[in-house]
Amino acid sequence: MSKYLVNLKINNTPVSVEEGTTILQAARQINFRIPTLCDHPDLNVAGNCRVCVVEVKGGRLLAAACATPVSEGMEVFTNSEKVRTSRKHIIELLLSEHNADCTKCFKNGHCELQDLSSEYRVGDHVFLDLVKPKDKIQDISSPSIVKDDSKCVRCQRCVRTCTDLQAVSALAVINKGDHQKISTFMGKPMHDVVCTNCGQCINRCPTGALTERNYIEEVWDAIYNPNKFVVVETAPAVRVALAEDLGFDPGLRVTGKLVSALKKIGFNKVLDTDFTADLTIIEEGTELLTRLKRALVDKDEKVVLPMMTSCSPGWIKFQEHMFPGLLGNLSSCKSPQQMFGALAKTYYADKINIKAQDMIVVSIMPCTAKKFEAGRPEMRDSGYQDVDFVLTTRELAMMIKQAGIDFEKLEDEHYDSVLGESTGAAVIFGATGGVMEAALRTAYEIVTGREVPFTNLNINPVRGMEGVKEASIKIKNVKPEWSFLEGVDLNVAVAHGLANAKILMEKVHAGESNYHFIEIMGCPGGCLGGGGQPIPTTPEIRKKRAEAIYSEDEAMVLRKSHENPEVNGLYKEFLGEANSHKAHDLLHTHYKPRKRY
Amino acid sequence: MDKPIKKVDIIFEIGDDYNALDVLDKALARPADDIVLDLIDSGLKGRGGAGFLTGLKWKFTKNEDSDIKYVICNADEGEPGTFKDREILDRVPEKVFVGMAICGYVIGAREGYIYLRGEYNFLVKNLLNKLETFNKQLKERNLDFVIGIRSGSGAYVCGEESALFESMEGHRGEPRNKPPYPTVAGYNKKPTVINNVETLVYVAMITRLGVNRFKELGTKDSRGSKVFSVSGDTPIPGIYELELGMPLSQFVDEFADGDAKAVQVGGASGSCVPRKKFGDTIIGFEGIPTGGSMMIFNSSRSMYNVLHDYLEFFTEESCGQCTPCRVGCQQLLKGIEAVKRGEKPPAYLDELKKLTATMRIAAKCGLGQSVGNPFNSIIDNFREEIIY
Ligand code: SF4
Ligand code: SF4
Ligand code: SF4
Ligand code: SF4
């Protein structure tokens, strides 16, 4: 049923929009911008900051444009005297409650409140300063997230993100009136609560109230230290988003420039997490096939299916908190970041004749949870902390600027070898469904000797932004050694964003799933929408990044993980075979249940 | 203007012929549409303060197409100095039940709830006892309607209807965006009539006594009578039912101690009327609408302290979600303190008055919108007391 049109006037300009459209959306359609602060395209409407108030003819009150649907014959004014005065008051009020030390703020230059106040030229300090000294004490307990209540404008975007998008509810509004604030359970430090470190709240926080713990200075120190050999690895989703923070439009692939910039910054070697993404596919694929064999042939009742991917550390922590009973379903594979760290400080260090203790591994990730992951006590299989520092895409952009690099003029360069070679399968790790697609490309071929039966290797059913995706592939004409899989329908599911993950997990928990393999990414859209990616994030921007990822895949010569020559060399030279003892020592891990508050 | 003050006694009067169930039967014998028409004709306006025509509210909800509808009795009486609903629920609860049942019949609701302020939990036992009987009696009459009780969480803002729904649904008591209004999407996002205790009683009383008897009372814009909680500097504090439309001067003559310098009409969120305006202030919707609280101040009171108390109250009771109210209340409070201490010039009060103009039109709900009432009326009439 099509919706009918509503006719109204905004600033005397007539416009017709579908019923149910808000004043804000209608105004955008005819290019009147109404400022907002609590509104976000990923979140439900709050209507609480009141920055977007507009005048509706005949109305006693101003209307919050983000929360007011249009009605027939409505006449809206977005810039009347009343509106301007009120809006200015509201911004001044927000600032009076705000610790506006912009020059020292990590968000300086990327802050919606800052933009608003400079647009409205407030600064005459009309109102009294209301910042409470105790709010100025930042919570830096978490290795991933910094919470600074003195910068909070109570827009509740973070709460809506954490509750609705991520189903975690680590953050909530507590108290009322002047004591109202955003808090964890009982005000506990961020590190001690259910927070998964996903950073999605950071992506939607309009101010510097939530930011990542940044390790830029530590990384500069390492680079300047002549006794350290500093290796950097970059994740697949970084190359399709970095440019946004350097002033370019979303969806631009900058892989070559990224490598070049890292070399100019002074890293000793620039390597690719994609390498270990390919490796993950071999290890995880083998693990899956082994589990299937034990279940189907050996009738081993202890085998846990479906198997679930473990690349996303936000998702892993979610699982540890929320579904500890299902930890056995997780693949024991470390994430590509951690496989990389373990190999860098063993295999690679050996190869290039550097002592592991002299090596610093830095990883550039679209993800804030990776900072937490790197510090997990399990992640020291090289004998040292495998990955020393994790920087988000945003932090890297900041370093590039600090280094005075003119990004646009950079020549493309190639990753160093070894641990630098990768395939298209690894690149698509950056998008939701990518790990699944990469795994299927390899597993199907191992089992049947033929390529997956999808045009051009593109497994479309697991692509796209739907919350939960399912696919089923019939396995036919298998090689003799895989005869137990003949005729089997391999059922897979993909979820991204933790609220969707929860839906799937509840199904598995209730024993209602017939899946064999599940991919879950903690962030909406997968890593391309990661908590460390350039801000803003919107469905539209995530779509552009996804397109960039899939086009990068198509542009690669090698598009299947098992065809990565360096990975194959690694097995031959070092690991032996997939899931070998050595591989287990370095590339696999375990998980632990966590409390739920 | 010279209408003599009349104390009336409709709500608490229990005549020989009075029987709550007779009133209900009388209503059930009539088509729902007629009851709505009568209510509109009676001119009964919501006694919670906003003053919307009760009959219209019912009509809108009745016309909504939905299988599930609700009747909510708002008994979250949180306005400082107000205690009339408590009295009503204590003394004549059946009249409230009857009002709710009539509403349920009219709009086609099957469930009704009394949302009771947390502090009134001592009433629950008695109410539940009486409800058990009453619900049975509804069943005997084949009226598919059941009344239950919900206990409030003790936040002032939960008296705001949409915050009340949020609270009933188990969420934080924060007012919602409007529209949609409760008549379209109220409790559980279903069409809901929400009336305060007193309004529902008047529905029962109009049914019993007839529209004309009700219309005899009050003025054109303010039909009927209303219950007031009288407190402050009065020798006779208490609950009184008075005809609407009387000048404040007569009220003061009747209730004050002879030395009244101001009356706060409508509780903390109402306006403060100074002595010089007693004569030309009408208590009623055409003058100062009132939630039912009348606080009298005599010359021994410091109006600075009075205002300070109110602002402290709002600073604490604002739900805090919207900027104009959360921060605005704090600025008003800190602002008068700064002026008092001489840290801001007296002219700063005018800046703050401008701020209340923004709060009045930009805050999300009635709480933030009405803080300007006490603020401006006290600043305007007692400026010296604020500054020096
Ligand atoms: S959050 Fe924004 S306005 Fe506040 S200090 Fe940081 S940059 Fe400035
Ligand atoms: S990082 Fe993720 S889980 Fe933690 S508070 Fe933010 S949104 Fe919630
Ligand atoms: S922490 Fe950020 S997102 Fe959350 S309420 Fe404060 S300003 Fe808004
Ligand atoms: S006006 Fe006050 S009470 Fe109402 S929504 Fe805003 S902050 Fe909450």
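Strand β6 (residues 238-243) of chain B is largely enclosed by the rest of the structure, because 5 of its 6 residues are buried; buried here means under 20% relative accessible area, exposed over 50%, and partly exposed in between, with a 1.4 Å probe and protein chains only. Strands and helices are DSSP runs numbered from the N terminus, with at least two residues (E) for a strand and at least four (H or I) for a helix. Please keep in mind that this is a predicted model, in which local features need pLDDT of at least 70 and side-chain atom pairs count only at pLDDT 80 or more, while totals for chains, interfaces and linings use all residues. Residues are numbered from 1 along each chain as its sequence is written, chains are lettered from A and ligands numbered from 1 in the order in which they are written, and side-chain values use heavy atoms, leaving out hydrogens and water.

The partner of β6(B) is strand β5 (residues 225-232) of chain B, which runs antiparallel to it over 6 bridges; two strands pair if DSSP finds at least two bridges between them. With 5 residues between them, β5(B) and β6(B) make a hairpin, and within this pairing B:K226 sits opposite B:L242.

β10(A) pairs in the parallel sense with strand β13 (residues 359-365) of chain A over 6 bridges, where A:V231 faces A:V361. Another 4 bridges join β10(A), also parallel, to strand β11 (residues 269-272) of chain A, with A:T234 opposite A:D272.

Now to the charged side chains. Over all chains, the whole structure holds 70 salt bridges, each being a side-chain nitrogen of Lys or Arg within 4 Å of a carboxyl oxygen of Asp or Glu. Here are some of them:

| Pair | Closest N to O |
|---|---|
| A:K147 and A:D149 | 2.9 Å |
| B:D41 and B:K215 | 2.9 Å |

A:E445 lies in helix α15 (residues 434-448) of chain A and A:K560 in the loop between α17 (539-554) and α18 (565-575) of chain A, so their pair ties together parts that are 115 residues apart in sequence. Both A:E445 and A:K560 are buried, and A:K147 and A:D149 are buried too. In chain B, B:D41 is partly exposed, with a relative accessible area of 41%, and B:K215 is partly exposed at 26%. Elsewhere in chain A, a network of salt bridges links A:E437, A:R441, A:R463, A:D553 and A:R559.

Finally, the ligands. The residues around ligand 2, each with a heavy atom within 4 Å of it, include A:C162, A:C195, A:C198 and A:C201. Its shell divides into 8 nonpolar, 3 polar and no charged residues, where Ala, Val, Leu, Ile, Met, Phe, Trp, Tyr, Cys and Pro count as nonpolar, Asp, Glu, Lys and Arg as charged, and the others, Gly among them, as polar. Around ligand 4 there are 13 residues, of which B:C319, B:C322, B:C325, B:C365 and B:G368 come nearest. By class, the shell of ligand 4 has 8 nonpolar, 4 polar and 1 charged residues.
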